[in-house]
Amino acid sequence: MSAATGPYEPRGAARLAETAGAWLLAVLWILPLVYAAWAAFHAPEFSARFSPLAPWTLENFVRAWEAAPFARYFLNTFVLVTMTLACQFLLCTLAAYAFVRYRFVGREVVFALVLAQLMIMPDVLIVENYRTMSRLGILDSIPAIALPYVASAFGIFLLRQTFKTVPKELEDAARIEGANDLQILAKVYVPLARPIYVAYGLVSVSFHWNNFLWPLIVTNSVESRPLTVGLQVFASTDQGIDWSIICAATLMTSAPLLLGFLLFQRQFIQSFLRAGIR
Amino acid sequence: MRMKHRTAELHAWLLLLPALALLALFTHWPALETFIDSLHSTPRGRRAEAFVGIDNYRQMLEDPVFRQAIVNNLWYALGTIPTSIALALLMAIWVNDRIAGRTVLRMAYFTPTVLPMIAVANIWLFFYTPQYGLLEQALGLFGAPARNWLGSTDTALACVTLVAIWKEAGFFMIFYLAALQQISPTLAEAAALEGTSRWTFFRRVQFPLLMPTTLFVLVNAVINAFRTVDHIVVMTRGGPDNASTLLLYYIYQVGFSFWDTTYAATLTIVMLLALAIVALGQYFLLDRRIHYR
């Protein structure tokens with residue numbers, strides 16, 4: 001697998017230099033994170049003083065947890081990503097199936113209209129989408145955060161590409177057994193596209209877990225704020241500049257994704273590769 | 001037969017309906033409305049909204065903050081895109097070789113990608129803090145004078161640029177890594193037999209073969225340079241003195257701090273134009289073959 005550059009693998013001194021360079025960059029790369037972790041796990045007086053004898057503590061996490069409704073923020077984010085993903089799966093599956101399985105007048109035009117969202121991203125339409133939410137009377141709610149992202153052009157595109165590779169014979173066999181169109185979708189297409197659902201799911205969950213600007217604009221209360229916005233409110237107003245607590249809160253909010261990544265590294269990287277753009 | 005065809009067509013539209021309705025409501029209509037709004041004035045107090053033609057655009061061209069946001073955004077793009085792509089390529093080549101501990105290296109490079117940008121911004125905010133921050137402490141060891149990295153107009157933009165590079169390079173690395181592993185080992189063997197140097201092999205064989213990946217990564221990097229401003233909100237709020245204001249951050253500020261919605265719409269049109277240029281470039285450069293496996 002790694003023999004791709006076989007004869008060009010550096011040897012001797014060159015190899016040493018390469019290894020040293022790679023490790024140096026890695027250390028530099030991880031340094032800000034390690035620094036934050038140091039501050040989070042030590043008492044405030046050690047947050048900027050490095051001493052091997054400094055006692056480790058979880059006190060900062062406890063104080064952060066008590067200082068802001070993080071439990072609620074976790075719940076909100078959990079509801080947000082689950083709801084978004086479920087709706088995305090449903091809508092994108094149906095739409096992709098329509099594009100692959102049916103011929104109808106204007107199919108190409110409609111597909112182009114869908115793809116337009118890849119360019120006109122919800123991320124930049126904040127002003128108008130805010131007005132729409134206000135007219136719908138759902139400002140400051142979790143659905144308002146999710147709605148602009150639910151009909152994902154990217155999801156439709158990805159699933160359409162996958163559904164196209166489903167062999168016609170499988171579909172015909174199911175039809176002979178008396179399955180109707182929706183049953184064929186559920187019994188033939190969806191199971192065959194499983195890896196793509198996993199990949200898209202991971203990418204979607206990490207995107208919405210991390211999304212910030214739109215939720216910041218559209219939410220205004222503890223009941224609807226996701227973790228990212230909660231963290232920002234906490235870090236900018238509730239605390240002065242108690243870095244140990246802010247670092248603890250920061251690590252806490254990223255922990256689920258970070259742990260997931262460390263445990264399922266290969267799966268994560270494969271998914272990002274498969275799904276490419278977020 | 002005709003009847004059956006009709007029913008099938010109806011089914012297709014029913015399947016598409018939910019997705020299309022939401023796309024129309026949250027993509028197509030707002031895009032159109034943005035344009036319409038940009039031709040109107042923002043209602044203020046007793047003054048109702050009125051059609052003002054291209055007044056907003058004229059105001060925009062004379063707005064020094066808008067100009068600065070564009071210039072900043074271009075510098076930001078110029079700072080993040082080539083650097084993160086070059087670093088990604090370097091990381092991928094290193095991790096692809098059989099270096100000791102390559103799994104750990106790959107993880108170190110990729111980890112920033114999984115973190116929320118908002119968390120990353122907080123971590124770097126701490127890193128840059130005057131006096132306390134690691135950066136100041138490290139520089140202090142070498143006797144460098146203390147300075148406020150995020151609070152100075154000279155360095156604020158460079159500081160947020162660095163954060164974006166840190167966050168992005170590892171993400172692009174995985175695409176290069178996958179592409180490198182696709183290159184057939186026989187190519188390297190053949191080139192080695194001919195006595196080609198490693199640098200020539202990279203320049204004449206690997207790099208051209210990686211071109212589709214480079215273009216794919218490039219498009220994503222350009223888009224990210226315009227649509228991600230989370231770190232600006234946390235680290236500098238566009239300051240000091242607009243030194244780190246990016247276009248989307250300015251839209252956010254005009255729309256939600258100054259509540260000048262029609263001017264924000266005018267700025268959004270510029271943003272959409274920028275994205276349209278990227279999309280056109282992608283269409284012609286990428287030959288419609290997006291990097292898929």
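A few ground rules come first. The model is predicted, so local features need pLDDT of at least 70 and side-chain atom pairs count only at pLDDT 80 or more, while totals for chains, interfaces and linings use all residues. Residues are numbered from 1 along each chain as its sequence is written, and chains are lettered from A and ligands numbered from 1 in the order in which they are written.

Let's start with how the two chains meet. The contact draws 79 residues from chain A and 80 residues from chain B; two residues are in contact if their C-beta atoms, placed from the backbone, lie within 7 Å. On the side of chain B that touches chain A, helix H1 (residues 2-38) of chain B provides the largest share, 19 residues. Helices here are DSSP runs (H or I, at least four residues; strands are E, at least two), numbered from the N terminus. Sorted by class, that side of chain B holds 57 nonpolar, 14 polar and nine charged residues. In this sorting, Ala, Val, Leu, Ile, Met, Phe, Trp, Tyr, Cys and Pro count as nonpolar, Asp, Glu, Lys and Arg as charged, and the others, Gly among them, as polar.

Zooming in on a pair of helices from the two chains, H1(A) packs against H4(B) at an angle of about 40°, with the axes 9 Å apart. Axes are lines fitted to C-alpha atoms, for helices over the stretch in contact, and angles run from 0 to 180 degrees between N-to-C directions. H1(A) and H4(B) are therefore oblique to each other; angles under 35 degrees count as roughly parallel, over 145 as roughly antiparallel, 65 to 115 as roughly perpendicular and the rest as oblique. Their crossing is left-handed, a label used if the near helix is turned anticlockwise from the far one by less than a right angle (right-handed if clockwise). From H1(A), the residues A:Ala22, A:Ala26, A:Trp29, A:Ile30 and A:Leu33 meet B:Leu105, B:Ala108, B:Tyr109 and B:Thr111 in H4(B). That contact divides into eight nonpolar residues, one polar and no charged.

H4(B) also has a partner within chain B. The axes of H4 (residues 102-114) and H7 (residues 156-182) of chain B come within 7 Å and cross at roughly 115°, again with a left-handed crossing. On the H4(B) side are B:Tyr109, B:Phe110, B:Pro112 and B:Thr113, and the H7(B) residues they meet include B:Trp166, B:Ala169 and B:Phe171. By class, this contact has eight nonpolar, two polar and one charged residues. B:Trp166, which sits in H7 of chain B, counts as buried because it has 22 C-beta neighbours inside 10 Å. Although B:Trp166 and B:Tyr109 are 57 residues apart along the chain, their C-alpha atoms are separated by 8.7 Å.

Over in chain A, the domain assignment gives domain 1 (2-63) and domain 2 (69-275); such bounds come from an automatic or database domain assignment. The C-alpha centres of the two domains of chain A lie 32 Å apart, and 10 residues of domain 1 are in contact with nine residues of domain 2. H1 (12-40) and H2 of chain A are the elements that give two or more residues to the domain 1 side, with H1(A) giving the most, four residues. H2 (residues 59-67) of chain A packs against H13 (residues 243-263) of chain A at about 80°, their axes 8 Å apart, which makes H2(A) roughly perpendicular to H13(A).

Elsewhere in chain A, A:His208 lies in helix H10 (residues 194-210) and is buried, with 24 other C-beta atoms within 10 Å. Leaving aside neighbours within four places in sequence, A:His208 is in contact with A:Leu80, A:Val81 and A:Thr84.

Finally, two loop residues of chain B have a positive phi without being glycine. Phi of B:Arg237 is near 50°; this residue is in the loop between H11 (230-235) and H12 (247-256) of chain B and is partly exposed. B:Trp259, with a phi of about 50°, is in the loop between H12 and H13 (261-285) of chain B and counts as exposed.

Definitions and conventions. Buried ≥ 20, exposed ≤ 12 C-beta atoms within 10 Å, placed from the backbone.
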